[in-house]
Amino acid sequence: MNESVKTSPNMGRGQISINDVVKIYDPEGAAVMAVDHCSLEIAAGEICMIVGPSGCGKTTLLNAIAGFHSINSGSITMDGQLLCGPGKPQATPGSDRIVVFQNGALFPWKNVLDNLMFGPVMAGKMGLKEIKEKAFSMMADAGLSGTENNFPGELSSGVRRRVEIVRALMNDPSVLLLDEPYRALDSLTKSVMHEALLDIYYKNKVTIFFITHDLQEALFLGNKVAIMTSRPCKPKKVLTVDIPYPRSYSVVTDQRFRNLMEETSELVHEEAKKSFAAGEREG
Amino acid sequence: MIRSVQKFFFNRSSRRATIAIIVFLLFWETCSRSLGWFGFQVPWIGKIPAPSAVITAWIPLLTDSGYWTSWYLSGKRVFSGFLMAMILGIPFGLLLAINRTAYGIMFPTFEVLRPIPPLAWVPAAIIFWPTAEMSIAFVTFLGAFYTIVINVLGGAQSIDQRFFQAARSMGSSQWDIFKRIVLPATVPSIAVGASVGMGITWEVVVAAEMISGGGSDGGGKGGGLGFFIWDSYLGGSYQQIVVGMISIGIAGYLSSSLIRALGDHFSKWTRR
Amino acid sequence: MTNSNESNPAVKQRRLSFEIREGSLLTKILSPRLFLMLVGFIIFLGFWHLSVEVWRLPRFAQMPALRTVVAEILSPNPTYGISIFVGEYYQHILASCLRVFIAFALATILGVPMGLFLGWSTKFREYVFPVFEMLRPIPILAWVPLAIIMFTSLEAPVIFLAFLASFFVTALNTMLGVESIDESYFRAAKCLGAKDYQVFLNVVIPGATPFIFTGLQISIGVCWFSLVAAEMVSGQFGLGYIINTSYTNVRYPTIIIGMVTLGFFGYLTSAMVRAVGKRLMQWRMRELALSGN
């Protein structure tokens, strides 16, 4: 827990390049541009926070990386391999980029253990016993021991989130795609969740692509923060948070942190006002 | 006109639907004619009159007033029974949802009577009501009544408690709460109940027409499409049976669509 | 590693509905709910008795009295031939129940997969659903003459009709069940590397199960409904048959006996389906219990 994590680029897997991506929705013939020539570089092993007002198109970007939506032009590559781009408008979903959903997508009909074992069991590369052992050890690491026989419906939402993240990590992904996972949690639980997530990060060094509208969350967790414009979205400003890991919550009251908050909150507020004026519905 | 036909065929799902229906009709025709064409008869389906024979039998009927009278009689029964069920069922369902005492007293009895199929009530209804028409109307009413009440209850019970709390904290009266929260929330359930109830009503009307017009009495003067089918069977004109079946199918589909359209209209209106 | 959920704060404590409380049996007997229920029954039966035997309302003149029906059903030597002591009664019950069982089983075995595929595969749905929707509005009884023509045996048309009604309901509800599954579950499964058939087994089937069981409860009701109708028109033996022949042979109390028996078995079979559903969906029961239902 005390080793600091180097965040130098090109170490490990999960480097993502988003190049000039355009996504236009065509509902009922009225073309709606969700993503407008967006380019962003995410280094391997980095925690990249995407901040922007609701409905601006950040989820569309995430969906494009994950392979749930197609893109109209531009390309997205991961570790040099093309995910989607010319000739292949939609990426194939796979266990190298796993999504943790906004409203949670733990299978309600499977208990925690079965949920966690799902990915490796589907892949069929490891024996059942091995998978079970891995599940128990990851649960212990994340402080989830004892919940293996519970169904998601019996657990609190904070615990459910953690289980979902562990479920993703069971598959050893290169990238974790988090779509406002803590949006529905109260701020007390949130701060605990943040520290838990960082804990997991130190142990696994996976690249994290995290969407949020909470600026403080973004600055606390991330080392790269991209502030997006309102719809159609593109990066308005990308900055690096050079506070070293491991970070404890006391960092929030630090002068350096407060300077960053001041610098960026005006930008975020600007975009939020534009979004409000345009009458965006919840994205 | 040409443009809309073109659009229809460009749409992949309409193309597939058309292909499927054509294949279905061809399959039916082949099986029905199997005896004549192949020398052996396809089991079960082989005995059904062929679509071509059905259409041949249908055309003269289109100008027969008796045929359209059957439509009218069945339709009349369906709508009067259905209307009665709505008029009595909606208030009853709302009462059960709002008043705990009423629910406690009446719902168990209601639930005990519900599994008895409406048709099982036919003899009892005939004994009780003076005319055959009224007994059919009663049985028809029963069928839709259960469905509507259950749906209204379900809709009212699923209203989020917080709406009531919010309203009370703003000082709304009982009547206001009823008008502005309970009613709008239950309209969609009423619409669903009405749709399903309409289907059940047709089932019951056809059944009642066949039973009281046909059955062991034979030659009853009830009329209606159900009776038409039974009569055709007794008279040996099997193609007309199928004509009757398809006619009822169309009538049922049209009335369900009508109810659904009305339901959608009212749901939008209450959402204002 | 502890297995006890009580000490793990992550697990919400659930209130078990059968928790024993002090003096619970007495409390249950005197509970307002049971009391009101009995009041309702008494009012209903009382009205029946009064209207036929005491007030002698003209409309009710020909209705069998409550006392007559009760005496009849309990008598070892019934006037009209059917009581709980007569073997024939059970023959009819068995005949109807057996038919429902066969029809319902067939309808479920064919209807559930049909519904699953209709919901799962767009291709399948676009080809098959239009034909399905064309046949569905035709009332089941309208099939009676055709069924008699198609099947030579006496039992087959009756079972066929009950099967048909049940089949349509089950298939439709199953399809709606698949369509009701949140898109996120499909996406999560794909992210985690599941192939198509694995998604079908792990997401589609369990996800549709709640709707499937609601559909099955409606389905068994429809099955009884159609069976009774079919029996009244063209059967031998069976509860619908009893009701019909009792009417034509002017044995009115037996009509009531038939109706009551029907109601009882209809309710029983429906409760059985519900119980099976609850067993298979432990996860949902616990979820509902925690949200205070």
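The expected span of a helix is taken as 1.5 Å times one less than its number of residues. Helices (H or I, at least four residues) and strands (E, at least two) are DSSP runs numbered from the N terminus. This is a predicted model, in which local features need pLDDT of at least 70, side-chain atom pairs count only at pLDDT 80 or more, and totals for chains, interfaces and linings use all residues. Residues are numbered from 1 along each chain as its sequence is written, while chains are lettered from A and ligands numbered from 1 in the order in which they are written.

**Helix α8 of chain B**
- Helix α8 (residues 132-157) of chain B has 26 residues and should span 38 Å at 1.5 Å a residue, which agrees with the 38 Å between its end C-alpha atoms.
- Of the 26 residues of α8(B), 21 are buried (20 or more other C-beta atoms, placed from the backbone, within 10 Å of the residue's own).

**Chain A**
- Chain A contains 7 helices and 10 strands.
- Its C-alpha atoms fill a box of roughly 50 × 50 × 35 Å along the principal axes.
- Buried residues account for 45% of the 283 residues in chain A.

**Contacts between chains**
- Chains A and B do not touch, and their nearest C-alpha atoms are 15 Å apart.
- Chain A gives 28 residues and chain C 23 residues to their contact.
- On the chain A side of that contact, α2(A) supplies the largest share, 4 residues.

Terms used
A residue is buried if 20 or more other C-beta atoms lie within 10 Å of its own, exposed if 12 or fewer, and partly exposed in between; C-beta atoms are placed from the backbone. Two residues are in contact if their C-beta atoms, placed from the backbone, lie within 7 Å.
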